[in-house]
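This report looks at a surface patch, a loop residue and several salt bridges. Please keep the sequence and the structure in view while reading.

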Amino acid sequence: MTINISSKDNERVKYTKSLLKSKNRQKESKFIIEGYRILTLAIECNADLDYVFINETFENKEEHKNFLKVLEEKNIKIFKTTNKIFNELIDTENTQGILGVVRFKEKKIEHNIKNEDKFVLILDRIQDPGNMGTIIRTADAAGVDAIIALKGCVDIYNPKVIRSTMGSIFDMNIIHCTQEECLRELKLKDFNIVSSYLNTDNYYHETDYGKKVALVIGNEANGVNDELIDESDILVKIPIYGNAESLNAAISSAILMYEIKKYLS
């Protein structure tokens with residue numbers, strides 16, 4: 001059953017709008033996904049979908065009506081509101097007229113890195129939402145077992161990050177922890193810490209990575225922090241053949257992830 005809401009002062013509207021702020025997402029352990037495609041992916045991946053909002057025009061398409069029937073069969077609440085109110089709940093200009101609110105759980109590193117995992121990605125202060133989303137999507141494609149987002153990274157539940165993941169947010173095992181917890185747990189599980197670093201003679205495609213790899217991707221402007229560099233077992237670099245000073249964090253992470261995946265396979 002669809003419930004109609006016509007007032008912007010409705011408590012459900014105000015609650016949903018509050019989730020546009022990172023502090024409220026963390027407090028409530030919920031985030032917003034927006035768009036028909038990502039909602040269908042959320043259902044396919046069995047994401048913990050709390051409820052859905054649609055605008056006045058969403059039901060104009062037959063495939064959208066059929067999707068709402070699927071939601072009803074799963075007992076997911078559907079709220080219909082005006083286009084004006086709906087637009088206040090999203091941060092995009094061209095909407096498809098549907099959003100969902102998804103529950104998430106914070107994961108502890110000691111319980112979420114398995115003994116059989118061989119390839120982990122550590123993100124050190126990645127700030128740009130587009131980069132973060134692209135890295136998560138690429139890690140999914142490259143078969144990374146888990147992503148560890150250290151303190152100082154952009155909120156992975158930021159709407160721009162979510163859009164950039166193209167649904168991979170539901171597939172990846174993403175863990176938040178401190179750098180100290182991260183290093184302790186990974187070294188206990190015999191991972192080699194591999195950091196991208198310009199001041200090394202070790203090229204990424206000529207490296208012996210070992211049997212278990214934790215690849216560190218550093219901040220867009222400053223790279224991997226000094227403490228992580230000091231704790232790294234292996235330092236690698238990607239050659240620059242032209243005049244560019246460096247590569248974009250998402251691009252360099254893709255090159256390294258695929259090389260390491262090939263090595264481990």
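Ile240 is partly exposed, with a relative accessible area of 34%; buried means under 20% relative accessible area, exposed over 50%, and partly exposed in between (1.4 Å probe, protein chains only). The residue sits in the loop between strand E11 (234-236) and helix H11 (249-264). Helices (H or I, at least four residues) and strands (E, at least two) are DSSP runs, numbered from the N terminus. Together with Leu247 and Ile251, Ile240 makes a nonpolar surface patch of about 230 Å² accessible area. Members of a patch have over 30% relative accessible area and no salt bridge; like charges are joined within 9 Å, and nonpolar side chains (Val, Leu, Ile, Met, Phe, Trp, Tyr) within 5 Å. Accessible areas come from the Shrake-Rupley method with a 1.4 Å probe, and for residues only the protein chains shown count as cover.

The model is predicted: local features need pLDDT of at least 70 and side-chain atom pairs pLDDT 80 or more, while totals for chains, interfaces and linings use all residues. Residues are numbered from 1 along each chain as its sequence is written, and side-chain values use heavy atoms, without hydrogens and water.

Asn219 belongs to the loop between strand E10 (213-217) and helix H10 (226-231). With a relative accessibility of 10%, Asn219 is buried. A polar atom of its side chain lies 2.9 Å from the backbone nitrogen of Ala221, and one lies 2.9 Å from the backbone nitrogen of Asn222. Leaving out residues up to four places away in sequence, Asn219 touches Asp124, Arg125, Ile126, Gln127 and Val224, where contact means heavy atoms within 4.5 Å.

How many salt bridges does a search of the whole structure find? There are 13, each being a side-chain nitrogen of Lys or Arg within 4 Å of a carboxyl oxygen of Asp or Glu. The table lists some of them.

| Salt bridge | N to O distance |
|---|---|
| Lys17 and Glu88 | 3.7 Å |
| Lys160 and Asp91 | 3.7 Å |
| Glu259 and Lys262 | 3.7 Å |

Lys160 is in helix H8 (residues 159-165) and Asp91 in the loop between H5 and E5, so this pair ties together parts 69 residues apart in sequence. Lys160 is partly exposed at 43%, and Asp91 is partly exposed at 33%.

Glu259 and Lys262 are three residues apart in helix H11, so about one helical turn separates them. Glu259 is buried at 15%, whereas Lys262 is exposed at 59%. Elsewhere, salt bridges with shared partners join Lys30, Asp48, Asp50 and Arg103 into one network.

Note on methods
Polar contact = N/O pair within 3.5 Å; in protein donor to acceptor, adjacent residues only side chain to side chain.
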